[in-house]
Amino acid sequence: MHSRAVDRLRDQGPFAARILLIAAIGWQLALWAGAHNPPIYAALAPLMALRSDPFSSMTAVVMRVGGVMAGVALGLSLVTLLSPTLPAVVLVLGLALLIGIYVGPGTALNPQVGLSSLLVLSNPAPDAYGIARVWETALGGLATIVLAPLLWPPHPRRELEAIARDCSTRLSAALRSSVGALGDPSAARANRMLVADEAERLRHCREQSDQAQHAMRFNPLHRRDRKLVAHLAGRVRTVAQTAPYVDLLAVEADALSTRDGPSPVLLRAKEELPAIVEATARTIESMVRGREPDADAAAARRLLDRYRETDPQAMAVALRRPFHKILDACVPLPPLSAPPADPDGPHPAG
């Protein structure tokens with residue numbers, strides 16, 4: 001218990017200290033700028049905008065400051081026309097949510113527009129409240145944007161290396177679990193649900209890689225790593241794009257396992273697929289670690305060719321296809337030696 005508490009403090013302590021220091025600096029800057037009341041909104045900016053996810057903080061700062069400005073402007077423009085009744089709240093919130101779709105980077109809805117507009121509408125002195133909220137939040141946001149990359153900044157290269165290793169581990173584990181569940185209907189059904197969750201996490205890795213590259217613009221201490229971060233992000237995106245095929249293997253394994261009895265296709269699959277899984281896992285690991293993956297990919301393809309020769313039936317084709325797709329995504333074949341779009345070709349069901 002003690003060691004877990006220490007590990008948690010070591011992991012989250014710098015993040016909490018960064019929020020505390022930036023909030024204190026934002027507060028003091030607002031006082032120097034002439035705040036007459038306690039400048040609470042300057043201190044709230046880093047508290048609400050900074051994230052434990054090191055790659056989303058700057059986006060959150062921009063969304064918060066932009067949302068406050070848009071929400072206050074909307075609230076002040078309508079407060080003289082409306083009283084805080086249910087129809088007024090519905091109207092203001094509806095307009096704020098519509099504006100929130102377009103305010104801020106990315107495609108996510110910005111809820112800060114609605115929050116600020118409703119607070120202005122409900123405040124007894126909306127003019128004073130709105131103006132103070134805008135400039136204090138802007139000052140706190142400016143302090144956050146300037147100081148956050150300099151105070152215990154995230155290390156994009158290290159973070160991306162960890163994400164890449166995690167993607168590789170998840171992908172390999174999902175392939176192994178799908179093959180290991182073959183022949184057991186209940187296990188294959190449960191595995192299908194678990195792998196669907198893993199595939200979603202792999203897709204999330206792509207978002208993290210994009211955020212890591214974006215974060216380099218705000219991280220002057222690690223600009224020398226920009227090219228390496230771009231390469232790492234590309235590898236993560238490559239692994240993430242295999243998520244549909246990982247999911248597909250679990251679906252096919254479930255379908256084969258629910259058939260009556262241990263069919264010859266099932267028995268052959270349980271013999272051939274474990275080696276293919278390991279060769280594919282080595283290919284993925286080599287790629288994300290920056291090693292040459294061609295030899296491992298070639299070994300996996302040879303095993304798939306051997307499996308095709310021993311069992312050309314339709315269900316075996318369906319089990320092999322996800323591996324072909326994963327290998328082609330990670331280590332594309334040269335155009336002159338590329339196989340047909342479906343390496344197994346159409347085969348009649350046995």
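**Helix α13**

I began with helix α13 (residues 314–330), which has 17 residues and reaches 25 Å from its first C-alpha to its last, close to the 24 Å expected at 1.5 Å a residue. The expected span is 1.5 Å times one less than the number of residues. Helices here are DSSP runs of H or I with at least four residues, strands are runs of E with at least two, and both are numbered from the N terminus.

I noted that this is a predicted model, in which local features need pLDDT of at least 70 and side-chain atom pairs count only at pLDDT 80 or more, while totals for chains, interfaces and linings use all residues. Residues are numbered from 1 along each chain as its sequence is written, and side-chain values use heavy atoms, with hydrogens and water left out.

I looked for a bend in α13 and found a kink of about 30° at Arg320, shortly before the proline Pro322. The bend at a residue is the angle between axes fitted to the seven residues ending there and the seven starting there. I then checked burial: 13 of the 17 residues of α13 are buried, so the helix is largely enclosed by the rest of the structure. Buried means under 20% relative accessible area, exposed over 50%, and partly exposed in between (1.4 Å probe, protein chains only).

**Leu304**

I moved to Leu304, which sits in helix α12 (residues 294–310). Its relative accessible area is 0%, so Leu304 is buried. Not counting residues up to four places away in sequence, Leu304 touches Ile276, Arg320, Phe323, His324 and Leu327; contact means heavy atoms within 4.5 Å. I took the C-alpha distance from Leu304 to Ile276: 6.9 Å in space, for 28 residues apart in sequence.

**Nonpolar cores**

Which residues of the largest nonpolar core touch the most other members? I found Leu182, Val239, Leu273 and Phe323, out of 48 residues in that core. Two or more residues come from each of α7 (156–180), α8 (185–215), α9 (226–240), α10 (243–257), α11 (264–288), α12 and α13. The most come from α11, with ten residues. A nonpolar core is a set of buried Ala, Val, Leu, Ile, Met, Phe, Trp, Tyr and Cys residues joined through side-chain atoms within 4.5 Å.

I listed the contacts of Val239, leaving aside neighbours within four places in sequence: Cys167, Leu171, Leu202, Ile284, Met287 and Val288. A second, separate core of nine residues includes Leu74, Leu78, Ala96 and Val113.

**Ser168 and the cysteines**

I placed Ser168 in helix α7 and read its relative accessibility as 7%, so Ser168 counts as buried. Beyond four places in sequence, Ser168 touches Ile284, Glu285 and Val288.

Cys167 is buried at 0% relative accessible area, and Cys205 is buried at 2%. I counted zero disulfides, taking a disulfide as a pair of cysteine sulfur atoms within 2.5 Å.

**Gln112**

I found Gln112 in helix α5 (residues 112–122). Gln112 is buried, with a relative accessible area of 8%. Leaving aside neighbours within four places, Gln112 is in contact with Met63, Arg64, Gly67, Val68 and Arg133.

**Whole chain**

Last, I took the totals. The chain has 13 helices and zero strands. Of its 350 residues, 43% count as buried. Residues 24 or more positions apart account for 76% of the contacts with a separation of 6 or more.
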